[in-house]
There are 2 protein chains.
Amino acid sequence: MTTPHLPDDLTVHIERGLADLRDLVALPSVSAQGRMLPETAAAVRALLETEGFTVHEVPGDVAPVLIAEAGEGPATLLIYNHYDVQPEDPLALWDSPPFELTERDGRLYGRGASDDKGEFASRLAAVRAVKARHGGRLPLRVRWLIEGEEEVGSPSLDRVVREQAEHLHADGCWWEFGSRTDEGRPIAYLGLKGILAVELRCRVAASDLHSSLGAVVDNPLYRLARAVASIRDEVGRVTIPGFLDGLHAPSDADLDAIRRVPGHGESTYGTYAVTRPLGTPPEYHHRLNLMPVVNVNGWGGGYQGAGSKTVLPAEGFVKLDFRLVPGQDPARVVELLRAHLNAQGLDDIQIVELETHQHPARADAGHPFVQACLAAAREASGHDPIVNPSSGGSGPMFPFMDALGGLPCVAMGIGNSGGRAHAPNENVRRADFEYGVHFGVALLERLARGS
Amino acid sequence: MTTPHLPDDLTVHIERGLADLRDLVALPSVSAQGRMLPETAAAVRALLETEGFTVHEVPGDVAPVLIAEAGEGPATLLIYNHYDVQPEDPLALWDSPPFELTERDGRLYGRGASDDKGEFASRLAAVRAVKARHGGRLPLRVRWLIEGEEEVGSPSLDRVVREQAEHLHADGCWWEFGSRTDEGRPIAYLGLKGILAVELRCRVAASDLHSSLGAVVDNPLYRLARAVASIRDEVGRVTIPGFLDGLHAPSDADLDAIRRVPGHGESTYGTYAVTRPLGTPPEYHHRLNLMPVVNVNGWGGGYQGAGSKTVLPAEGFVKLDFRLVPGQDPARVVELLRAHLNAQGLDDIQIVELETHQHPARADAGHPFVQACLAAAREASGHDPIVNPSSGGSGPMFPFMDALGGLPCVAMGIGNSGGRAHAPNENVRRADFEYGVHFGVALLERLARGS
């Protein structure tokens, strides 16, 4: 992998960006544990204010949300990042201290090196470089929302985006993540699936019974099996009546983009040694991008030890997540699921909504802001980007689109397939960090000149 | 509850039987932990030899099996008991030391007080009483098999019964357990369901995946749900093709006995606060006695903690037990289950046979030995016995029937519905112990005089 055409003037900004990243990684801002969140917010705020951003802080449920603004020009770019990180454990699996940015073999290791402090630092470096090219002036308006609760599900984000909408309107939003292939080809995501997580619970008695009574007492795990077997089919289509109604049709640009995504999942299937792929190979990216699905995340009940135990369990549970696409609404899915279970005679199965709950969001691949992002990526990488109209994953993109007039959000960034986000030895490749600064400069310049 | 008509000459034998029981309970013969098994076998052997039994010991996988014989006459009775007990934990829930027989409010508490040392001691007391009535001579042949592995699934019993068949042939077998209602009405079981325990395992990948990949990778817990949902119906009938073929039809005497079992499970449903009974009330005892069923004993896979986790588990498992009735064979059921799963496209689901494995066995309610048992119970209790052609539970009855020419086995004994077998505060009611001795005397006398 090479970083082609890296302009000479960026070198100093890349080095300063890496120094910023080192300082930020040193702050263990673990939101799940409430560690160092105001301190890290203050450090980020100081970095932004030094570059001339006006910053105001909005209280979040867990950590402050920073909303910043700088520059003036024909375009407005909104950037979304987060300063919190995942816990560092298991510590023993790290080859260098998690909160000490450490370079080895072209990679910078540390918690947050990629997700998401590396993204933030490379973008700030790009802002500095653009200002330096324009005599200290930022030739477009850059708005920045940086939260500290992303790794715990962004509990305040929907509220904050809606309350602060007047400070967030823009021509497009540069989303917090993104990656490149091993060859350095940028991978863009223009949307995220929605998600709804529920637990199904079934109870048939006050306490466990001897399994000989299975002749005269129903079994909660069988009832849950009937429920789960009835909500999708063998090829993964959700079969809950009404679930597939009203889906937004993908545009021709979306379908064209999906057709051009290379491969049929060979890398995923190989990495995990998958023995039961779903769908035929040409469907791989179509499914990941556009197909709403239901997952069984976990199942528990009765005896789970070695050998057998002749017990009829009193209760059991199943955890499910639904991945939703535009046109679907998590609350409506709960209603449809309830009606479906009732129609199956499973009205005794309780549906408990869990905290994970996001609406789907997807930008049209043909949108001018999307095209500007892709052009900038092409310029900075020397490669044609891979465009996914949606990630198979989920995140808090919907409030931005919904509260900010259909704002397109584009995820492009500096991750890599061996980046180990959320895991020990999280890392970013130095070449990707350099690319990230270059891409940021290219994007800001394009937006500033309206092309 | 009263013990009617207790003949005066039995008092001394009852007291001696209780003294034997006290001595046996003091020996913690926990087979699951390999505690005191040869010592307890030796104690039992000494008791038998004192009464004139010739005893030989057959090595078992876990503990010695004792085979004893005494007496001579027109009939031969085989008695089956076991000298091992369940573990005593949780110790804190006992109100008196588990290995110290303690009388409170008409009940004798201790591990094994009922299951099965109380049964053995009351039967031995009956043998003594009959000998005393006949000038020290036992007027029928009594054969006795007493094992020390019952609480760990009787791993040696099938082999021992077949190898020692020449020492075990009899007119009928008095099975190791039985009980009376709170009013003192004897409850007889003339059979046991067979059991087959299996684990279904499904794996789709080498390690867990992010649940966003549920669009392109199948889910092992869904596949298990399809398997489980397909093997029975909503009312509990097993739907595996061939499963119900060739069942032995119950006799008119069996059906008549079932019709006369009182109640429709009100006590079970009340005790466990059952909210999902299976079958309509009149079917209760018919189902428990005659219906083969499948149970889900346990289910595990993926995330089982609080809240949600967006994981696609690599694997999962389900534990099942099948309760079988005469005409069914555990090995054949495994074949039918395999064929059924394959026909459903679930050929990747692995079937692992667990150690729990028993053939079904059932005596005809009209058999003369059964009638002798019922008459003896009527005589000793003053009540008409409740006759279940089969228990809903399982046990090692089949080898006795199979290797000994269709030998009928009748479970009648001294348990009670509050007897807490296998649990803390296991107990036997003194009145039931007295009844047990009386019943034994009545049965032996009837068999000896051929009526």
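Gly345(B), with a positive phi near 75°, follows helix 9 of chain B, where helices (H or I, at least four residues) and strands (E, at least two) are DSSP runs, numbered from the N terminus. The model is predicted, so that local features need pLDDT of at least 70 and side-chain atom pairs count only at pLDDT 80 or more, while totals for chains, interfaces and linings use all residues. Residues are numbered from 1 along each chain as its sequence is written, chains are lettered from A and ligands numbered from 1 in the order in which they are written, and side-chain values use heavy atoms, with hydrogens and water left out.

At its N-terminal end, helix 9 of chain B is capped by Asp329(B), a side-chain oxygen of which lies 3.0 Å from the backbone nitrogen of Ala331(B). The buried residues of this helix (buried being under 20% relative accessible area, exposed over 50%, partly exposed in between; 1.4 Å probe, protein chains only) are Pro330(B), Val333(B), Val334(B), Leu336(B), Leu337(B), His340(B) and Leu341(B). Seen down the axis of helix 9 of chain B, these residues fall within an arc of 165°, and they therefore line one face of the helix; the arc is that of the directions from the helix axis to the C-beta atoms. They pack against strand 11 (194-203), helix 5 (220-231), strand 15 (315-324) and strand 16 (350-358) of chain B.

Beyond its neighbours within four places in sequence, Phe322(B) is in contact (heavy atoms within 4.5 Å) with residues including Val333(B) and Leu337(B), as well as Gly194(B), Ile195(B) and Phe243(B). Phe322(B) is also among the residues that touch the most other members of the largest nonpolar core, which has 73 residues, others being Trp299(B) and Leu200(A); such a core is a set of buried Ala, Val, Leu, Ile, Met, Phe, Trp, Tyr and Cys residues joined through side-chain atoms within 4.5 Å.

In helix 6 (residues 252-259) of chain B, the buried residues are Asp254(B), Ala257(B) and Ile258(B). Because these fall within an arc of 100° when seen down the axis of helix 6 of chain B, they line one face of the helix, and the face turned away from the buried side carries the exposed residues Asp252(B) and Arg259(B). The cover over the buried residues of helix 6 includes helix 8 (284-290), strand 17 (361-362) and strand 18 (386-388) of chain B. Ser251(B), in the loop between helix 5 and helix 6 of chain B, counts as buried at 17% relative accessibility, and its side chain reaches the backbone nitrogen of Asp254(B) at 3.0 Å.

Conventions: Polar contact = N/O pair within 3.5 Å; in protein donor to acceptor, adjacent residues only side chain to side chain.
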